[in-house]
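Please keep the sequence and the model at hand while reading.

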Amino acid sequence: MTQSGAIGPLVAHFALLSVLSLGGINVVLPDVHRFVVTVHPWLTDQEFADFFAIAQAAPGPNFLMFALIGWRVAGAPGAIAAALAIAVPAGTVAYVVGGLWQRFRDAPWRRIVQTGLAPVTIGLVFSSGYVLSTAADHDWATFAVTAATAVITLGTRINPLWVFLGAGLLGLFGLT
């Protein structure tokens, strides 16, 4: 069941998040989760986690998740509006800032800004991981698989795709 009246608030919120998405779309996922699961219960935790998994597995840009949310909320018009709302403002800001960034490439403040934004971006990415894991992990077994996957991926040189495949097979065979 879609809610065409929800397109306005969805687009406004996604457009704002688009401008704030330093470090990529994934850094705004905690607020997206809060908005579409908690504030407006358009999605469940499981649907949110599923949409993220689909967007990551599909070829193409990460903002596919926002189109899926828009589709769930308001059908095809919602999907188009949500995708444009998340892509156009960020693309416009990147274009403008990229030109300025190049123009001031030798300015001393540029290095300071870059250095200051790095920990902010890292913190936002980790908060996204936390929100996604709490949305997807509902018992000790799924939490253990998520934790083991993170530790192996971050602590070894094993290709993460093999680790994710192993975690997926555990889920497929009902071992989580």
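## The nonpolar core

A nonpolar core is here a set of buried Ala, Val, Leu, Ile, Met, Phe, Trp, Tyr and Cys residues that are joined through side-chain atoms within 4.5 Å, where buried stands for under 20% relative accessible area. In this predicted model, the largest such core holds 27 residues, and F14, V36, F48 and I69 are those with the most contacts inside it. Two or more residues each are supplied by α1 (7-20), α2 (29-39), α3 (45-57) and α4 (64-103), and the largest share, eight residues, comes from α4.

I69 shows in detail how these contacts are made: leaving aside residues up to four places away in sequence, I69 touches L10, F14, V32, V36, L43, F48 and F51.

## Helix α4 and its partner α1

Two packed helices are described by the angle between their axes and the distance between the axes. For α1 and α4, the axes come within 8 Å and cross at roughly 30°; because angles under 35 degrees count as roughly parallel, α1 and α4 are described as roughly parallel to each other. The crossing in which α1 passes α4 is right-handed.

Helix α4 also contains P77, which counts as exposed because its relative accessibility is 52%, the cut-off for that class being over 50%. Between the C-alpha atoms of P77 and A67, which lie 10 residues apart along the chain, the separation is 9.7 Å.

## Helix α5

Helix α5 covers residues 108-136, 29 residues in total, and its first and last C-alpha atoms are 44 Å apart, close to the 42 Å expected at 1.5 Å a residue. Its buried residues are R110, T121, S128, V131, L132, S133 and A135, and the buried residues of α5 pack against α2, α3, α4 and α6 (140-155).

## The chain as a whole

The secondary structure comes to seven helices and zero strands, so that the order along the sequence reads α-α-α-α-α-α-α under the assignment of helices and strands as DSSP runs numbered from the N terminus. Along its principal axes, the C-alpha trace spans about 55 × 45 × 25 Å.

Of the 176 residues in the chain, 30% are buried. Among contacts with a separation of 6 or more, 57% are accounted for by residues 24 or more positions apart.

Note on methods
Residues numbered from 1 in each chain as written. Predicted model: local features only at pLDDT ≥ 70, side-chain atom pairs only at ≥ 80, totals over all residues. Heavy atoms only, no water. Buried < 20%, exposed > 50% of the residue type's maximum accessible area, 1.4 Å probe, protein only. Helix = DSSP H or I, 4+ residues; strand = E, 2+ residues; numbered from the N terminus. Contact = heavy atoms within 4.5 Å. Expected span 1.5 Å × (residues − 1). Axes fitted to C-alpha atoms, helices over the stretch in contact; angles between N-to-C directions. Parallel < 35°, antiparallel > 145°, perpendicular 65-115°, else oblique. Left-handed = near helix turned anticlockwise from the far one by under 90°.
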